[in-house]
Every structure is written in structure tokens, then in C-alpha cells.
Amino acid sequence: MYKHINSFISPQQIQQKTNLSAITNFTLLGFGDQPGLQVLLSLIFLGIYILAMAGNLIITILIVIDVHLHTPMYFFLGNLSCLEICYTSTILPRLLFSLLTGDKTISVQGCIAQYFFFGSLASSECYLLAVMSYDRFLAICKPLRYTSLMSGRICLGLITVSWMSGLLSNTIITSLLLKQSFCGPNEIEHFFCDLAPVLKLSCTNTSLVKLVIFILASMDTIPPFLLTLISYVCIIISVLKMKTKASRHKAFSTCSSHLIVVTLFYGSLICVYIIPETNTLKGLHKTFSLFYTVFTPMLNPIIYSLRNKEVKIAFYRTASKAVGVVSFP
Ligand SMILES: *[C@@H]1O[C@H](CO)[C@@H](O)[C@H](O)[C@H]1NC(C)=O
């Protein structure tokens, strides 16, 4: 309806509109406002946030202090955990705050800032997951050249590129967002400030901005997705070619947990960003967004630690050392 009105405005009205454009707050509608549901959801999300923070912190600490875990694979995993600590912290504390207080307003700048941090970290996560699958590809398909192809310097370079790529493209996207003017309505049908719902509220012409954003967002997701896909296809082919069942099992067990994480993350991303939003899919989009914003950061440490013997051993070794320090000072 508003679109309709906007396309028939005279210069005079434009003048009026720029005066009107002083919307300073958005309302994040979140999950409706039935009181019972709010309490239930805040308990669930609080639990998830605590689990995600604790799990990822434990993994990060283990990887930093345990020398047995000083290999590229665990450096990548440690960096992923660090990233996910920041990543959930851009969404969940704000969501918990509005669930607990009922205060759903967020300033326009705050909203764009939330998108900036969320977007940068999400793109970095795509790249980091791709780097992790490339690392597994080298370890399984090129085992003899692994140490030379994944040296400390290359490892550091790949991690730097992952962190930087997300930051760069989202700085551009955010500066474009900051130039938009918002003149109402101000309700965002989501639980955080994602790009599409915010852009929908802009009353400036967004077609060029949308094109630029589409190109940048594709650069952030399609190359890492393809790299991940190709790595796993190669891994699966070479695992199937292995002679003995034991070697097949060993090779696949190291990367199956990673494959689960990648599938969850990209599966929900594709559901939200590629399947077009229709009225019947509205609730579904929000639900699928929960997967990559809330559930994967909680699940990653569980998937990696429960399925990984080395992480479990490192955990007991470090825990027993810590207990030893406490009881025999
Ligand atoms: C992240 O990667 C760098 C480079 O390999 C490594 O030195 C660092 O320890 C990693 N961070 C964590 C928390 O694992």
C-alpha cells in the first residue's frame, strides 16, 4: 500500500516526505505478544544462549591451551567458536531483552549496527566453514602434501581472509543502508534486523542499492558454498574408493560432524534467502532464521566435542590439571 502511495507523489509531497522522514525507531515484532509464549521463549533462548556461550568458550580455551590441539584443523575450529560467540551475541541478548521487558523498539542506527555485526560475522562464518572443508579435503585427498599445503602461514592467511571478507562487503552494504531514509511504517516482521526486512521499510528508491547488495551478498555466499560443496564431493569420492572399511570409517568420522554443521547452516540460509517470501511462508522464514542465528552456534560445540575423541581427551586432561591446581596449590 505504501509503495502505491510513494509512486504517485508530487515534488511538493517529496518535500513534505523528507520532513516526515524522521523515523528514529523501528519496532521488531519478534514472536508476537502473547504473554505466556514470551516467558516460555525467553527461558528457551536464555538456555540456548548459556549453552552456546559455555560450549564455544570451552572449545576456544581448550584449543588455545592444549598443545595437542595445535593443528590447523583445531585452529579453524577455535576461530569458528570465537566467531560464534560474537555471532550469537549480536542477536540473542537483544532478543532476550525485548522478550523479558516487552520493549520492542530499536533505534534506526542500532538496527543498522546490528545488521552490520550480524552480516559481517555471518559472511565470515561462510568463509570459515569453506576453509574448514578445504582443510579436510587436503587431509583426506592429499595426505602426503597436507603439511606443506596447510602450513602455519597459509593457515593464518586463510583465517585472515575469512574474517576480512565479511567485514569489507558488509561495510559497503551498511554505508548504503545508512543513506536510506525511513519514513514509516516502522514495524519489522522479524526478531532481528536482517537486511531484507529493513530495506523493505526504506522510502528511497532501493533498486540500485538492492542490485549492489545482491552482488555483494552473492560474493559472500556462493564462492564459499561452492568450495565447500566441491571439497565434500571430492572427500566422499575418495572415501568411497578406500580399500578397507576401517580406513573409510576413520576418514569419514573426522569430517562427518563438520558436514552436519555445514548442512544445517547452509540448508537454513538457502531456505530463508533463496526461497521467495510469500504470505504462507512468512512464519516459516522466521523459524528457519532461528536455525542459523540461534541453533547452529549452540549445536556446533556439542557436535564437535561429542563426536571428537581428541577434544574429549583434551577436555579431561585440562579439567584434571585445573582440579589439581585448585586442590594442591
Ligand atoms: C585462530 O587462528 C590462528 C591462526 O592459525 C591461531 O593462531 C589462533 O590460535 C586461532 N584461535 C583460536 C581461538 O583457536
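**Close-up 1. Helices α7 and α9 run roughly antiparallel to each other in this predicted model.** The description applies because the angle between α7, residues 152–179, and α9, residues 207–241, is about 170°, and angles over 145 degrees count as roughly antiparallel. Where the two helices pack, their axes lie 10 Å apart.

**Close-up 2. Residues at the contact of α7 with α9.** From α7, the residues Ser165, Ser169, Asn170, Ile172, Ile173 and Leu176 take part, and they meet Val209, Val212, Ile213, Leu216 and Asp220 of α9. Sorted by class, this contact of α7 with α9 comprises 7 nonpolar, 3 polar and 1 charged residues.

**Close-up 3. The shell of residues around the ligand.** Surrounding the ligand are Thr60, Ile63, Val64, Phe75, Gly78, Asn79, Cys82, Cys155, Leu156 and Ile159, a shell that divides into 7 nonpolar and 3 polar residues, with no charged residue. At least two residues of the shell are supplied by each of α3 (35–65), α4 (72–101) and α7, and the largest share, 4 residues, comes from α4.

**Close-up 4. Asn79 and the ligand.** In the side chain of Asn79, an N or O atom is 2.3 Å from an oxygen atom of the ligand.

Definitions and conventions:
Residues numbered from 1 in each chain as written. Predicted model: local features only at pLDDT ≥ 70, side-chain atom pairs only at ≥ 80, totals over all residues. Heavy atoms only, no water. Axes fitted to C-alpha atoms, helices over the stretch in contact; angles between N-to-C directions. Parallel < 35°, antiparallel > 145°, perpendicular 65-115°, else oblique. Contact = heavy atoms within 4.5 Å. Nonpolar A, V, L, I, M, F, W, Y, C, P; charged D, E, K, R; others polar. Near = heavy atom within 4 Å. Polar contact = N/O pair within 3.5 Å; in protein donor to acceptor, adjacent residues only side chain to side chain.
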